[in-house]
Amino acid sequence: MPEAFPAPAAAPLDAASRAAAAPLDASRAAAAGAPSAPAVSVLGLGRMGSALAGAFLSAGRTTTVWNRTPDKADALVGRGAVRAASVADAVRGSAVVVVCVRDDEAVHELLDPVAPELAGRTLLNLTSGSPEQARENAAWAAGYGCAYVDGAVMTTPPGVGDPRSMILCSGSAAAFAEHRATIGALGDPVDLGEDAGLASLHDAGLLGLMWSVFAGWLHATALVGADGVPARAFTPLAIRWLAGVGGFMDTYAPQIDAGSYPGDDATVDIQLAAVQHLLEASRDRGVDTRLPELHRDLMTRTVASGHGRDSYGRVIEQFRADA
């Protein structure tokens, strides 16, 4: 696997020359007592792919880039990236190949024709997809002697490179350990285990949580806004409240794992009474009631099943496939 230090400010080498020079660069680095950082290739330069490549460059990584529309690489090449003439050149130029494209079909359109070139390398797939696709991709990569890590970037492009941004990873434990520092250029690498589907699964769950929080915040903002409260005045209280909600989640998580829901805080039947006030306030102000009606219905079914005196964690049973 070719390795290299970042190119100097002089005219950059093309991908083939960079790959040829990499072992010599690595040897010089080892002789000098400095660790060699693996080179990275990024396939796909949409907003997210460009942000990924930019973060690698900012971290001082030798970065090769390729995009179907070549001029999308211009700004990155201006910063020192190597422009690959083809997908094959990009793959051959680096130890770590990062792909971030439209969907799983596009991943295979790019990589199937050059799959034998992946042997001995690590493929970090940051394309959004399903857990099942990730598992199939891991088996596909293994068939070509390629280590596979599936990943999810839990931020928008401006947040790439921020150490507070999570980069969810699952797949080859050895590859993750070897390239953790490389992935760390993008954010905080979170290892979810060797099941390649877990990053996509967690991504879906966390996005669902995000949309649910957004919907609750928007409904609440519409509710208080109907009485003249500006969103900018309400939102700091909402953010402060979310910290408390996080504490409730910490309380309910072990209950869910144990399947035991002691009602030693606010029980479901007490919260069912409270949600009626939310419904009435919404109706009185002409605010859409579908979201609080969903809360009411979930709690009503929980109470009807004989668990009204349990904690709110019991409501998870309404979401389970065998409920």
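This is a predicted model: local features need pLDDT of at least 70, side-chain atom pairs count only at pLDDT 80 or more; totals for chains, interfaces and linings use all residues.
**The cores**

Let's start with the largest nonpolar core, which has 30 residues. Val-42, Leu-52, Val-65, Val-98, Leu-126, Val-160 and Leu-186 have the most contacts inside it. Several elements supply at least two residues each: the strands β1 (40–43), β4 (96–99), β6 (147–154) and β7 (166–171), along with the helices α2 (47–58) and α7 (173–183). The most comes from α2, which gives seven residues to this core.

Leaving aside residues up to four places away in sequence, Leu-52 touches Val-98, Cys-100, Leu-126, Val-153, Val-160 and Leu-186. There is also a second, separate core of 21 residues, and Ala-90, Val-99, Leu-110 and Trp-140 are among them.

**The cavities**

Now for the empty spaces. Rolling a probe the size of a water molecule over the atoms shows where such space is left. Here the count is two cavities of 30 Å³ or more.

| Cavity | Volume | Lining residues by class |
|---|---|---|
| Largest | about 40 Å³ | one nonpolar, eight polar, two charged |

Which residues line the largest cavity? Its lining includes Asp-104, Asn-125, Gln-133, Ala-134, Asn-137, Asp-150 and Ser-200. Helix α6 (residues 131–142) provides the largest share of that lining, three residues.

The second largest cavity is lined by Val-96, Thr-122, Leu-124, Val-149, Ala-175, His-179, Thr-182 and Ile-183. Helix α7 gives the most to this lining, with four residues, and strand β5 (122–125) supplies at least two.

How values were computed. Residues are numbered from 1 along each chain as its sequence is written. Side-chain values use heavy atoms; hydrogens and water are left out. A nonpolar core is a set of buried Ala, Val, Leu, Ile, Met, Phe, Trp, Tyr and Cys residues joined through side-chain atoms within 4.5 Å. Buried means under 20% relative accessible area, exposed over 50%, partly exposed in between (1.4 Å probe, protein chains only). Contact means heavy atoms within 4.5 Å. On a 1 Å grid over the protein atoms alone, a cavity is a set of points where a 1.4 Å probe fits but cannot get out, and a pocket is an open set with protein on both sides within 12 Å along at least five of seven lines; lining residues have an atom within 4 Å of a point. Grid points are joined across faces, edges and corners, and a volume is the space filled by probe spheres set on the points. Ala, Val, Leu, Ile, Met, Phe, Trp, Tyr, Cys and Pro count as nonpolar, Asp, Glu, Lys and Arg as charged, and the others, Gly among them, as polar.
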